[in-house]
Amino acid sequence: MTHKERVPVQTTGNNMSRYEEARSHFDWKQVEQAFSWHHTGKVNAAYEAIDRHVEAGKGNKTALIYSDAVREERYTFLQLKEKSNQFGNVLRKLGVSKGDRVFVFMPRTPELYVSVLGTIKIGAIVGPLFEAFMEAAVKDRLENSEAVALVTTPSLLERVPVDALPHLKHIILVGAVGELVEGYYSFEEEMSQASSDLDMEWVDREDPMIIHYTSGSTGKPKGVLHVHNAMIQHYQTGKWVLDLQDDDIYWCTADPGWVTGTSYGIFAPWLNGVTNVVRGGRFSPDDWYQTLEKYKVTVWYSAPTAFRMLMSAGDSVVKKYDLSSVRHVLSVGEPLNPEVVRWGLKTYGKRIHDNWWMTETGGILISNYPQMEIKPGSMGKPFPGIHAAIIDNEGNELPPYTMGNLAIRTPWPSMMRQIWKNPEKYQEYFRIPGWYVSGDSAYMDEDGYFWFQGRLDDVINTSGERVGPFEVESKLVEHHAVAEAGVIGKPDAIRGEVIKAFIALREGYEPSEELKEEIRQFVKTRLAAHAAPREIEFRDKLPKTRSGKIMRRVLKAWELGLPTGDLSTMED
Ligand code: ATP
Ligand code: MG
């Protein structure tokens with residue numbers, strides 16, 4: 001990885017003067033004062049995200065711009081306040097109350113957002129589920145969480161094994177037609193009868209707010225519980241990492257079924273009072289660029305898999321659209337290959353800002369700030385108020401350039417408070433006193449930038465050298481024929497492990513032995529001989545989670561003929 005390559009600061013007019021300065025003065029307590037709870041001692045994150053702006057005279061500002069193939073709608077903060085109030089009342093009428101779990105299994109539509117906000121307003125715990133989940137995935141999550149109510153659509157209901165879920169008492173259907181039997185309700189009808197005044201449930205900052213199941217990249221998804229207090233982090237990272245300003249038009253491409261789609265698709269933008277764009281439907285380069293152009297998006301938050309797909313789609317698509325409104329571009333979820341950063345600079349004229357966090361951390365912890373030089377391939381530096389380090393298994397901080405556990409000093413505002421019904425698993429993250437151990441492997445350079453290497457279990461030990469799969473993958477995607485790559489260690493009697501690469505080729509390239517050799521040489525000469533894959537296998541597609549992450553454990557299981565484990569989050 002090159003530590004020399006640097007991309008200078010580009011954006012202007014942001015709120016944080018200089019990163020180091022902000023770090024030295026930072027105190028989370030000051031952030032808390034943005035909200036109304038220090039008067040009452042109680043709070044509600046949905047109130048802070050929506051109603052607060054109405055009270056501040058911004059009721060007529062557009063909060064949500066929604067579009068998909070057939071709908072295009074705008075909602076003001078006042079409308080969202082009233083609709084979420086109505087939904088809170090719908091739930092109350094059904095007897096749902098504080099602490100109950102309400103799940104939302106829905107396509108990305110305005111009703112989804114209203115349901116999430118309304119649930120939080122009555123102090124219930126919301127659980128968003130990705131609409132592509134199949135029956136087993138839905139059942140696991142509803143069973144584990146003991147959800148009492150579910151918001152869904154008639155067609156998705158076919159994937160809900162209602163009879164096998166004794167806790168599930170109320171099913172609220174969006175777009176239902178005809179008479180409904182007991183226990184089933186029409187969203188539209190209930191909403192139309194509900195008052196838009198709500199007796200808000202004021203909760204303690206430590207009261208539960210949302211359960212998110214992790215992406216399932218490394219194993220069975222965990223039910224991560226976050227509390228209302230997380231909003232402090234959502235708000236401040238929204239300001240300083242997303243660089244949100246009052247007149248921004250912000251678009252986060254993530255589905256609320258994943259944590260990015262709520263922390264940064266709901267809370268961060270709305271806590272900052274910003275107009276939030278939601279695009280329903282599936283990925284397509286033309287649709288996406290159209291969305292940026294049409295709504296004059298200024299801040300765009302997406303993921304490496306999307307940027308790689310846009311890169312594969314070619315620059316001629318980009319040229320069809322006017323993307324000049326875009327000021328700030330960000331990425332999360334997987335390592336962002338340096339090649340993608342270079343391509344972004346060349347094609348959009350913009351730096352793509354990588355940032356690192358996890359479902360469990362609730363919010364961004366390490367980031368490339370608008371005010372910082374970017375080193376392509378690095379995740380950036382810790383957020384002010386966050387102490388990140390590379391530690392060994394005893395909790396000793398390791399010197400620069402030493403690969404180890406990426407860990408965070410506890411606590412921080414959006415730290416998870418529970419793994420639902422799995423205290424043992426929760427404890428594992430905190431096994432080293434004073435630290436949260438992420439499970440990711442990384443190192444830090446002499447300037448304090450963090451460099452992701454792989455999941456802890458994915459680090460490859462070949463002939464006594466430790467190789468992070470990400471470094472190899474990133475070198476591979478620099479090759480003109482490679483669209484995506486997944487790298488694993490394969491047990492080997494002599495070398496311990498050998499490196500095997502699974503490669504999806506770009507449009508127009510055909511697999512061949514010569515191409516394999518060319519790619520191998522490419523890594524050998526540009527990275528290191530020991531890091532060049534001994535084996536290469538071409539595949540049409542790599543196995544990915546529905547949030548777009550390459551599933552290395554599945555590649556490994558296939559390779560070794562082992563059971564693949566939980567595949568509930570894998571795309572078709
Ligand atoms: P599971 O925990 O179920 O195996 P998951 O870890 O993929 O799935 P998420 O919480 O969605 O679930 O993802 C967090 C992980 O994603 C991080 O631990 C890290 O491995 C990876 N990740 C996120 N952002 C980045 C980034 N900027 N660079 C590298 N890796 C990242
Ligand atoms: Mg994880």
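How much space lies in the largest cavity? In this predicted model, the largest cavity holds about 60 Å³ of space. The structure contains four cavities of 30 Å³ or more. Rolling a probe the size of a water molecule over the atoms shows where empty space is left.

The largest cavity is lined by Arg 308, Glu 334, Pro 335, Asn 337, Phe 470, Glu 473, Val 477, Glu 484, Ala 485, Ile 550 and Arg 552. By class, this lining comprises five nonpolar residues, one polar residue and five charged residues. Two elements, helix H17 (469–478) and strand E24 (482–492), each contribute at least two residues to the lining of the largest cavity. The greatest contribution to this lining, three residues, is that of H17.

Pockets were examined as well. The second largest pocket has a volume of about 200 Å³. Its lining consists of 13 residues, and those nearest the centre of the pocket are Asn 144, Tyr 213, Lys 220, Pro 221 and Lys 222. Helix H7 (residues 135–145) provides the largest share of the lining of this pocket, namely three residues. Four nonpolar, four polar and five charged residues make up the lining of the second largest pocket.

Ligand 1 is surrounded by 23 residues, of which Ser 215, Gly 216, Ser 217, Thr 218 and Thr 359 are the closest. In the shell around ligand 1, seven residues are nonpolar, nine are polar and seven are charged. Strand E14 (352–356) and strand E21 (450–455) are the elements that give two or more residues to the shell around ligand 1. The largest share of the shell, three residues, comes from E14.

Strand E14 also belongs to an open sheet of nine strands, arranged in the order E2-E1-E11-E10-E12-E13-E14-E15-E16 with mixed pairing. The edges of the sheet are formed by strand E2 (72–76) and strand E16 (381–382), each of which pairs on one side only. Strands of a sheet pair through backbone hydrogen bonds, either parallel or antiparallel. E14 and strand E15 (residues 366–367) run antiparallel and are joined by two bridges. Asn 355 has Ser 367 in E15 as its bridge partner.

At the E2 edge of the sheet, strand E1 (residues 62–67) pairs with E2 in the antiparallel sense over five bridges. Within this pairing, Tyr 66 stands opposite Glu 73 in E2.

Note on methods:
Residues are numbered from 1 along each chain as its sequence is written. Chains are lettered from A and ligands numbered from 1 in the order in which they are written. This is a predicted model: local features need pLDDT of at least 70, side-chain atom pairs count only at pLDDT 80 or more; totals for chains, interfaces and linings use all residues. Side-chain values use heavy atoms; hydrogens and water are left out. On a 1 Å grid over the protein atoms alone, a cavity is a set of points where a 1.4 Å probe fits but cannot get out, and a pocket is an open set with protein on both sides within 12 Å along at least five of seven lines; lining residues have an atom within 4 Å of a point. Grid points are joined across faces, edges and corners, and a volume is the space filled by probe spheres set on the points. Helices (H or I, at least four residues) and strands (E, at least two) are DSSP runs, numbered from the N terminus. Ala, Val, Leu, Ile, Met, Phe, Trp, Tyr, Cys and Pro count as nonpolar, Asp, Glu, Lys and Arg as charged, and the others, Gly among them, as polar. A residue is near a molecule or strand if one of its heavy atoms lies within 4 Å of it. Two strands pair if DSSP finds at least two bridges between them.
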